[in-house]
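Student: Hi! I've got a model open and would like to talk it through. Can we start with a spot on the surface?

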Amino acid sequence: MSGVVDILPPGSPQRAAADAAVPVLACPACTDMETGSTFVTALNDGPITQSGVRYAVIATRDDTTVTPPGTASFINEPGVTNLFVQDVHPGIRVEHAALPSHPVIRRWILQQLGPTTASSGAR
């Protein structure tokens, strides 16, 4: 949430009120995505990926929803390709909400879903 909730001290009555209001006023999952939340702590407690599975994460440097860009999205584990859309197409401006519908990103996703050169052609 771009650090907005950080102005309210964790454990304070104001923070508790803000955390209760955010799911109703903004989005149900927003408080789960805060740095240090119970959800994020559990998610970061151990590996996210499974051995033998290819993962690909694309983010935008223009993101104001998932912040900080890249750091909040990327998975730093073996078998994961982390990339900014600007690395695929320099100079492109795309916001978070436009990621699923942007043609450059759709092409990249389809490439990621395609077979690898090391595979036997099975998907």
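Student: Where is the place of Ile48?

Tutor: Ile48 lies in the loop between helix H2 (38–43) and S1. Keep in mind that this is a predicted model.

Student: Is Ile48 buried, exposed or partly exposed?

Tutor: Partly exposed, because its relative accessible area is 34%.

Student: OK, zooming out. How many helices and strands are there in the protein chain?

Tutor: The chain has 4 helices and 2 strands.

Student: What share of the contacts comes from residues 24 or more positions apart?

Tutor: Such pairs account for 51% of the contacts with a separation of 6 or more.

Student: Let's move to H4. Which of its residues are buried?

Tutor: In helix H4 (residues 103–113), those are Val104, Ile105 and Trp108. They sit on the same side of H4, because they cover an arc of only 95° around the axis.

Student: What covers the buried residues of H4?

Tutor: The cover includes strand S1 (55–59), strand S2 (80–84) and helix H3 (85–88).

Student: And which exposed residues are on the face turned away from the buried side?

Tutor: Leu110 and Leu113 are carried on that face of H4.

Student: Which residues are in the largest nonpolar core?

Tutor: There are 9 of them: Ile58, Leu83, Val85, Ile92, Val94, Leu99, Val104, Ile105 and Trp108. H4 gives the most to this core, with 3 residues.

Student: Take Val104, then. What does it touch?

Tutor: Leaving aside residues up to four places away in sequence, Val104 touches Val85, Val88, His89 and Ile92.

Student: Last one: which residues does the second core include?

Tutor: That separate core has 6 residues, among them Ala59, Phe74, Ile75 and Phe84.

Definitions and conventions:
Residues are numbered from 1 along each chain as its sequence is written. This is a predicted model: local features need pLDDT of at least 70, side-chain atom pairs count only at pLDDT 80 or more; totals for chains, interfaces and linings use all residues. Side-chain values use heavy atoms; hydrogens and water are left out. Contact means heavy atoms within 4.5 Å. Buried means under 20% relative accessible area, exposed over 50%, partly exposed in between (1.4 Å probe, protein chains only). The arc is that of the directions from the helix axis to the C-beta atoms. A nonpolar core is a set of buried Ala, Val, Leu, Ile, Met, Phe, Trp, Tyr and Cys residues joined through side-chain atoms within 4.5 Å.
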